[in-house]
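Subject: Structure handover

Hi,

My notes follow below it.

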Amino acid sequence: MKAFTYDRVTSADEALAAGAGASFVAGGTNLLDHMKLQIVTPDRLVDLNRAGMDTIEPTAQGGLRIGALVRNSDLAADSRIIADYAVLARAILAGASGQIRNRATTAGNLMQRTRCPYFYDTALACNKRDPGSGCSAQDGHSRTLAVIGTSDLCLCQNPGDMAVALRVLDAGVEVAAPGGGTRTIPIAEFHQLPGDTLPVREFALEPGELIIAVVLPPPAGGTHYYRKVRDRSSYAFALVSVAAVIQPDGTGRIALGGVAPRPWASEGADAAIPHGAKAVAAALFEGARPQEDNAFKIDLATRTIAAVLAEAKEARA
Ligand SMILES: Cc1cc2nc3c(=O)[nH]c(=O)nc-3n(C[C@H](O)[C@H](O)[C@H](O)COP(=O)(O)OP(=O)(O)OC[C@H]3O[C@@H](n4cnc5c(N)ncnc54)[C@H](O)[C@@H]3O)c2cc1C
């Protein structure tokens, strides 16, 4: 293993002072796996676990501000989240295991990296891990990978559950820059599409930027759904997931997980909700580039959307 330095910080300012080259450690449940497999080999680790940022506070606008270090279990158990943002609690509880959720954090979960098998296998080409080496997935095993938002350089899927719920809720990611100042990145723009240039960039963060919070707008009302389809019923990543907020008049918002490099949603798909699952799926998958192995995800997603919309219709009857 390559040697690295390790520092504990006690504030966000101290973490930011660590500079652009440092890797932040939150729960460590993703980063440390990558270090053990030598997918990443950072020179410097900065441990955020004593830096605060671990509370959930109301905002002046009537929403909630979730600190970057709030653990996934604590967020899913918060009474305000359960009452007003149930899709978020359900998505978190559909992910990983109790032990991992006790450790994993809001920021770390958002920043979790793809589960593409070629990203994990350092003997094989992966443009994300080793820019310019190629994408083994293009002619390889792509069953779990993305069907839309991909490019010839990368077929990776975003594996997270929480981010899909945050997309449907229109959350913002608050980040602080090393030179001072903060900005809020809409969740829709936080995860990057691979595009046609190297290196394949994954997140909208600039070097050294630190996530300090995730901000939820005021509650959207409606009934909340999170349905995840996977190879086994727990402790597995989504083949397809659907997050939805459906209003009493049958309108709503919908986002998909497991099908793209980011939580996948569009205004056209939301507008199509009253017209049924096929119309929603047609809007969401316009321009899809499935591989032979993963084309089934489009049918699976359409059926999962249909199941959610049927459940919502029944609840309104
Ligand atoms: C066996 C297993 C099964 C899993 N199943 C699921 C699942 O079904 N669904 C799901 O959604 N997830 C699943 N996960 C992923 C899990 O949710 C993530 O590992 C976890 O959320 C990462 O959070 P963390 O705090 O441990 O991140 P870390 O590992 O500490 O960090 C991850 C990345 O985020 C960066 N980072 C952390 N905090 C900040 C910050 N404040 N600012 C900037 N960068 C930061 C780190 O530098 C690192 O690059 C699974 C994980 C495992 C190991």
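What radius of gyration would a compact globule of 317 residues have, and what does the protein chain have? The globule would come out near 20 Å, and the protein chain has 19 Å, so the two agree. Please keep in mind that this is a predicted model.

**Overall**

Along the principal axes, the C-alpha atoms fill a box of roughly 60 × 50 × 35 Å. The protein chain holds 13 helices and eleven strands. Of its 317 residues, 51% count as buried. The accessible surface is about 13900 Å². Carbon and sulfur atoms account for 51% of that surface.

**The annotated span**

An unreviewed UniProt entry places the feature "domain: FAD-binding PCMH-type" at residues 1–221. That label comes from the record. In the model, the span is 27% helix and 16% strand. Its end C-alpha atoms lie 50 Å apart.

Strand E3 covers residues 44–47. Strand E1 (residues 5–8) pairs with E3 in the parallel sense, over four bridges. In that pairing, Arg8 stands opposite Asp47 of E3. Strand E2 (residues 23–25) also runs parallel to E3, joined by three bridges. Here Phe24 faces Val46 in E3 as its opposite residue.

Is strand E8 (residues 210–216) largely enclosed or open? Six of its seven residues are buried, so E8 is largely enclosed by the rest of the structure. The cut-off for buried is under 20% relative accessible area.

E8 has antiparallel links to two strands named here. Strand E5 (residues 64–67) is joined to E8 by four bridges and runs antiparallel. Arg65 has Val215 in E8 as its bridge partner. Strand E6 (residues 172–176) is joined to E8 by five bridges, again antiparallel. There, Val175 has Ile211 in E8 as its bridge partner.

**Helix H5**

Helix H5 spans residues 86–93. Six of its eight residues are buried, so H5 is largely enclosed by the rest of the structure. Which residues of H5 are buried? They are Ala86, Val87, Leu88, Ala89, Ala91 and Ile92.

**Ser151**

Ser151 sits in the loop between helix H8 (117–120) and helix H9 (162–169). Is Ser151 buried or exposed? Its relative accessible area is 4%, so Ser151 is buried. Leaving out residues up to four places away in sequence, Ser151 touches Gln138, Pro194, Gly195, Asp196 and Arg289. Leu205 is 54 residues from Ser151 along the chain. Their C-alpha atoms are separated by 21 Å.

**The sheet E9-E10-E11**

Three strands form an open sheet in the order E9-E10-E11, with antiparallel pairing. Strand E9 (223–229) and strand E11 (252–257) are the edge strands, each pairing on one side only. From one strand to the next, the twist averages 10°.

Strand E10 covers residues 240–246. E9 and E10 pair over seven bridges in the antiparallel sense. Lys228 stands opposite Ser241 in E10.

Which helix lies across these strands? Helix H13 (residues 296–316) lies across E9, E10 and E11. H13 runs at about 30° to E10.

**Thr302**

Thr302 lies in H13. With a relative accessible area of 16%, Thr302 is buried, because buried means under 20%. Which residues does Thr302 touch, not counting residues up to four places away in sequence? The contacts are Ala277, Lys278 and Ala281.

**Quick reference**

| Pair | Sense | Bridges |
|---|---|---|
| E1 and E3 | parallel | four |
| E2 and E3 | parallel | three |
| E5 and E8 | antiparallel | four |
| E6 and E8 | antiparallel | five |
| E9 and E10 | antiparallel | seven |

Best wishes

Conventions: Residues are numbered from 1 along each chain as its sequence is written. This is a predicted model: local features need pLDDT of at least 70, side-chain atom pairs count only at pLDDT 80 or more; totals for chains, interfaces and linings use all residues. Side-chain values use heavy atoms; hydrogens and water are left out. Two strands pair if DSSP finds at least two bridges between them. Axes are lines fitted to C-alpha atoms, for helices over the stretch in contact, and angles run from 0 to 180 degrees between N-to-C directions. Contact means heavy atoms within 4.5 Å. The radius of gyration is taken over C-alpha atoms; the globule rule is 2.2 Å times the number of residues to the power 0.38. Buried means under 20% relative accessible area, exposed over 50%, partly exposed in between (1.4 Å probe, protein chains only). Accessible areas come from the Shrake-Rupley method with a 1.4 Å probe; for residues, only the protein chains shown count as cover. UniProt positions are given in the numbering used here, feature names are shortened, and annotations may be inferred rather than shown by experiment.
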